[in-house]
Structure formats: C-alpha cells, structure tokens
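Trainee: I have not seen this structure before. Please take me through the terms as they come up.

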Amino acid sequence: MEIYLQGLTMGLAYVAPIGLQNLFVINTALTQKRQRVFLTALIVIFFDITLGLACFLGVGALMEALPWLQRVILGIGSLIVLWIGLGLLRSKASLEGGRDVNVPIWKVITTACVVTWFNPQAIIDGTMMLGAFRASLPEGMDLFFIGGFASASVLWFLGISAIISLFSARFNDKILTVINKVCGAVIIFYGLKLLHNFIQLMGWL
C-alpha cells in the first residue's frame, strides 16, 4: 500500500502543474458537451498512462543510447508546441460553436496524442522522475508503483473535467477568448524555451 501511495502522490505531482494536457482538457470542458468532455479525458488518460509506462520502462535509456533521438524529440517537439500556441492565439472562441458534438473523434485522439507524446519536456521530466523512482523501488514493487501513478492520471483528468464542466455555464465567449489567448501565450513561451534548449543542445549558442 505504501508503494501504491508513493506512485499516486508522485503521479499527482507530475500531472497537476498546468501544461499542454491540462490546457487541452480545460478548453474541452469549457466548450464541449459533457459526454465529449469525459471521452476526451479518457483519451488523454490513455496517452498519459502509456507515456508514463514508456518513461518508467526505459525511454531514458533509449535516449542515452541514441543522443540524436533526444535532439529530434526536442527540436520537433518545440515546433509543435509553438504551432499549438499560435493556433490558440488565432482561434475565435465560441461556446456555441464549441458545443458541436460532431467534432471528429480522430481529431480529439490526434490532439491528445500530440499534447502528450510530442511534448519533449513531459518525456524528459517523466523519464528522469520515474526512472529515479524505479531504481529505488524494492524488488517486485514495480506494479504497485505504476498502478498508483496510473490512478493519479485517472483521478486528476476526470476530476478537472467534472469540475470545469459543471461550472462552464459561468463562462462566455469573451472570457473563453481571453483564456485561449493567455493559454496560447503561455504555450508559446514554453515552446520558445524548448527551442532555446534545443539550440543550446546543438551547440549553436
């Protein structure tokens, strides 16, 4: 139980800070009907848990063995993050338009995949944290730890989806537009930071 709780608290600390996944889930909860909100949350949970498992099982070792892979992930990932941020700045927010239940499910899946698996900082941070924890776990306790980590993802994304969805009526188009632009600016700053890290890694500075 202690190992499970370690995984749970570690998972909450990893997923709670506002990042691309959270912004995606929050925007969905503000603009979509409740059924789509929870479907989106489940899709994000799937990609978050699979990324956590990949980090736990050795993406870090792969990047250490193949230094060029880290450069590729960091370089491409920073450009994708910038693209997402610019898209939010250019978007015209509308609660009515956002409530279209015919948003293609493939678009939800691909966006959830991008904000999770194409986020280089999430991969690097996840690998560093989960790799360190794995090295410190008693033999045979891996399953309990990763179970706690996965539970944190489920609790967090379903929780914020429910809370934001319940209070979405308090939001209007103007507030949503401001939220989108603030989120877009934060994401662009984040993308520029990643791009700067990539340039440093390449030795161009």
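Mentor: Start with pLDDT, the predictor's confidence in each residue, from 0 to 100. This is a predicted model, where local features need pLDDT of at least 70, side-chain atom pairs count only at pLDDT 80 or more, and totals for chains, interfaces and linings use all residues. Residues are numbered from 1 along each chain as its sequence is written, and side-chain values use heavy atoms, with hydrogens and water left out.

Trainee: What is the pLDDT over residues 97–101?

Mentor: pLDDT stays under 50 there. The protein averages 79, and 85% of the residues score at least 70. Where pLDDT is low, the predicted coordinates should not be read in detail.

Trainee: Why is serine 78 called buried?

Mentor: Buried means under 20% relative accessible area (1.4 Å probe, protein chains only). Serine 78 has 0%, so serine 78 is buried. Of the 205 residues of the protein, 42% count as buried.

Trainee: What is serine 78 in contact with, leaving aside its neighbours within four places in sequence?

Mentor: Contact means heavy atoms within 4.5 Å. On that basis serine 78 is in contact with Pro120, Gly191, Leu194 and Leu195.

Trainee: How many residues does helix α3 have, and what span is expected?

Mentor: Helices are DSSP runs (H or I, at least four residues), numbered from the N terminus. The expected span is 1.5 Å times one less than the number of residues. Helix α3 (residues 34–57) has 24 residues and reaches 34 Å from its first C-alpha to its last, close to the 34 Å expected. Glycine 58, with a positive phi near 130°, follows α3.

Definitions and conventions:
Buried means under 20% relative accessible area, exposed over 50%, partly exposed in between (1.4 Å probe, protein chains only). Helices (H or I, at least four residues) and strands (E, at least two) are DSSP runs, numbered from the N terminus.
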